[in-house]
Amino acid sequence: MAGRLLKVSSVATAVVASSGFYLYNHKLDPNDISLVRFGRAAATTAVISYDYMTSLKHVEYGSEEYWALKSQVHRRSAERLRNLCCANRGTFIKLSDLFISFDVKPQGAASLAQVHKAVLHDGRTVAVKVQHPKVQTQSSKDIVVMEVLLNMVHWLFPDFAFMWLVEEAKKNMPVELDFLNEGRNAEKVAVMLAHFPWLKVPKIHWDLSTRRILTMDFAEGGQVNDRDYMRRHSINVNEISQNLGKMYSEMIFVHGFVHCDPHPGNVLVRRCPNTKKTEIVLLDHGLYQILLPDFRLSYCRLWQSLIKGDLNGIERYSRRLGAGDLYPLFACVLTARSWTSVNAGIGNTPVTHSEDVEIRSNAALYLPQISDLLNRVPRQMLLLLKTNDLLRGIETTLQTRAASSSFINMSRCCTRALARHKRSKAQSRARRLQITMSESLTLWQISLYELFLWVKGSTLGGWVGSLLSCLHYTH
């Protein structure tokens, strides 16, 4: 018994002595974190030692009372050490200290994280995104395995060069695993698109967020490709598709800051409980692509050429974006349209089932050329192609892909982006005024064309068409 107490008291003495030596050799700074931690450790050790010496001093060693009392002392010591770790590292915190309730069963789970629903002490409901414990280590191993496999495939089939997949994974994985970066992206896009009243980005709770945990307002709704949910809640499918096109056209062409993971689980639709208006909720802001100005402007001009069927423009701007002689294939990959439709202008030719079958059939035939193309274009283009495919899949599910509204929104955003760039380069006020007037005229023409399409597709348009047919027949 005396030996154990001697060991404990010796540890306490050593800690106190080393604390004194530390303070003697260092200038005292109350804000020094190491000093604060050292002091906590010394104080905790002293308290534990005193507890052992006083609690067991008058108890016979080996008796039942001794073992019961020693168990209590051990529990108290463990609690003090736990509190010390909590104070020094800030990691051991009870969920009840932060939340009234916390659903253990996740609302949703993915490869990197899972999301839990919780209620704060002030009554607000939040979503807590928690990164899987070993995902950082495992993701590094996965990238190595992917690199080895792709090298093997390239060795067996030299025409299939997909090493850019590894490069993109190495670059993007650390970004996606930093949840603080995701929070900053969410706040940036919320401010950037604040002029869209129907777009909601959940508010981030920074005091409850770290690099591996992100807490935000909880948002309910149906997935953007769930037609049954929209029908049950009287949500207009065409309105959702049009607003989705507006949102992404604004990101890509005007701001060059693009949410690159718009799969249905990250885009929710709902009716606002207060206003009863339709809203889109944008989630998962871990991966954004920042487009360089020259790339963005060339991309704007390319899409304008694709919509109009300007073959010279398609070739010029496709080459600027790195497609080279593969510009016809690039145009087809970018739009998922046949070269015949590209020639006619994709804004003038609706998507047909036969064209979709043709595209799918030709994709396998041109796989080596597609591989070559993907290795040529800038890395920024790869995430844009992925984004285009995800959006196209949503439009296909909603059966709104043949609608011309998406091209109208793209034309508006391209016009605004190019006009803003020209104004920034203009040397005189007169030139800036001229650019603004030209922009206004073009936007007015686009609006007029949109009105024409609306009238053509409405009941009124049908009546007018029938009337004109009758007049033609009588003459």
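1. Over the ring of which residue does the charged end of Lys117 sit? In this predicted model, the ring is that of Phe218, and the charged end of Lys117 lies 4.8 Å from its centre. A further contact of this kind involves Lys129, whose charged end sits over the ring of Phe179 at 5.0 Å from the ring centre.

2. A pair of aromatic rings is described by the distance of the centres and the angle of the planes. With centres required to lie within 6.5 Å, the count comes to six aromatic pairs. One of them joins Phe99 and Phe102: the ring centres are 5.5 Å apart and the planes meet at 45 degrees, so the pair is tilted. That angle falls between the limits of 30 degrees for stacked and 60 degrees for edge-to-face rings.

3. Tyr299 and Trp303 form an edge-to-face pair, with 6.4 Å from centre to centre and 80 degrees between the planes. Both residues belong to helix α10, which spans residues 293-308, and they are four residues apart, about one turn of the helix.

4. Are Tyr299 and Trp303 buried or exposed? Tyr299 is buried, at 1% relative accessibility, and Trp303 is likewise buried, with a relative accessible area of 5%.

5. Tyr299 and Trp303 form one aromatic cluster together with Phe253 and Phe295.

Technical notes: Residues numbered from 1 in each chain as written. Predicted model: local features only at pLDDT ≥ 70, side-chain atom pairs only at ≥ 80, totals over all residues. Heavy atoms only, no water. Helix = DSSP H or I, 4+ residues; strand = E, 2+ residues; numbered from the N terminus. Buried < 20%, exposed > 50% of the residue type's maximum accessible area, 1.4 Å probe, protein only. Lys NZ or Arg CZ within 6 Å of the ring centre and 35° of its normal.
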